[in-house]
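Please open the model in a viewer and keep the selection tool at hand.

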Amino acid sequence: MTSTLISALMTLALGILFVILKAQVIGIAITVIGVALIVVAIVDLVKRNFVSAVIKAVLGILVLVIGWLVLDIALLIIGIALLVYGIVELVKRIMSKKGKNEKTWQKVLGLLQPVICIVASILLITNSGNVLDWVIIIPGVFFIIDGVLGIINALSSKKK
């Protein structure tokens, strides 16, 4: 019961951090990973594992220096891919002869998915910071819900 309660409290805390810090969570994670790699490199150096120490140190420095750049490039590539996919799908569905027998609501639903892809891609390309905030907030809300439910379950099983 105690471990379940501790796990639920940690999940709740993580969810709250995600919602409050938003995209800053990624910056913190990048920093922690970079520093951890450098610390492990120092430990390897003390153990005289020189090759391993150099590799980990270089990786740690790269993560610290270009972590955000890699993330920005990845978001741009995903945005461009979504844009191309959305446009191709939209054109394909507009030109499709299968849609002749569909009802109006079916045609609208068929066009909705590529339009959503196009809108999401434009947001990713032009405003990745805010999109990234929401990508962190949504799991944060799920963590909060999971944490609260876990606390309720842990406390209710204690009474039984």
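Select R93, which is partly exposed, with a relative accessible area of 33%; here buried means under 20% relative accessible area, exposed over 50%, and partly exposed in between (1.4 Å probe, protein chains only). This is a predicted model, in which local features need pLDDT of at least 70 and side-chain atom pairs count only at pLDDT 80 or more, while totals for chains, interfaces and linings use all residues. Residues are numbered from 1 along each chain as its sequence is written, and side-chain values use heavy atoms, with hydrogens and water left out.

E89 forms a salt bridge with R93, and the closest N and O atoms are 3.3 Å apart; a salt bridge is a side-chain nitrogen of Lys or Arg within 4 Å of a carboxyl oxygen of Asp or Glu. Both residues lie in helix α3, four residues apart, about one turn of the helix. Helices (H or I, at least four residues) and strands (E, at least two) are DSSP runs, numbered from the N terminus.

Next, select K92. A salt bridge joins E89 and K92, with 2.9 Å between the closest N and O atoms. E89 itself counts as buried, at 10% relative accessibility.

**Second stop: D44 and K56**

The structure holds three salt bridges. To see another, select K56 and D44, whose closest N and O atoms are 2.8 Å apart in a salt bridge. This pair links distant parts of the chain: K56 is in helix α3 and D44 in helix α2, 12 residues apart.

Is D44 buried or exposed? D44 is buried, with a relative accessible area of 7%, whereas K56 is partly exposed, at 25%. Display S52 as well: a polar contact of 2.7 Å joins its side chain to that of D44. A polar contact is a pair of N or O atoms within 3.5 Å; within protein, one must be able to donate a hydrogen and the other to accept it, and residues adjacent in sequence count only if both atoms are side-chain atoms.

Select K22, in the loop between α1 (2-21) and α2 (24-46). K22 has a positive phi of about 55 degrees although it is not a glycine. Then move to R48, in the loop between α2 and α3 (50-95). R48 has a positive phi of about 65 degrees and is likewise not a glycine. At 63% relative accessibility, R48 counts as exposed.

Select G79 in helix α3. G79 is buried, with a relative accessible area of 0%. Which residues does G79 touch, not counting those up to four places away in sequence? They are S121, L124 and I125, where contact means heavy atoms within 4.5 Å.

**Last stop: helix α4**

Finally, select residues 104-126, which form helix α4. The expected span of a helix is 1.5 Å times one less than its number of residues, so the 23 residues of α4 should span 33 Å; the end C-alpha atoms are 32 Å apart, which agrees. Look at L112, where α4 bends by about 30 degrees, and at the proline P114, which follows within four residues. The bend at a residue is the angle between axes fitted to the seven residues ending there and the seven starting there. Among the buried residues of α4 are P114, C117 and I118.
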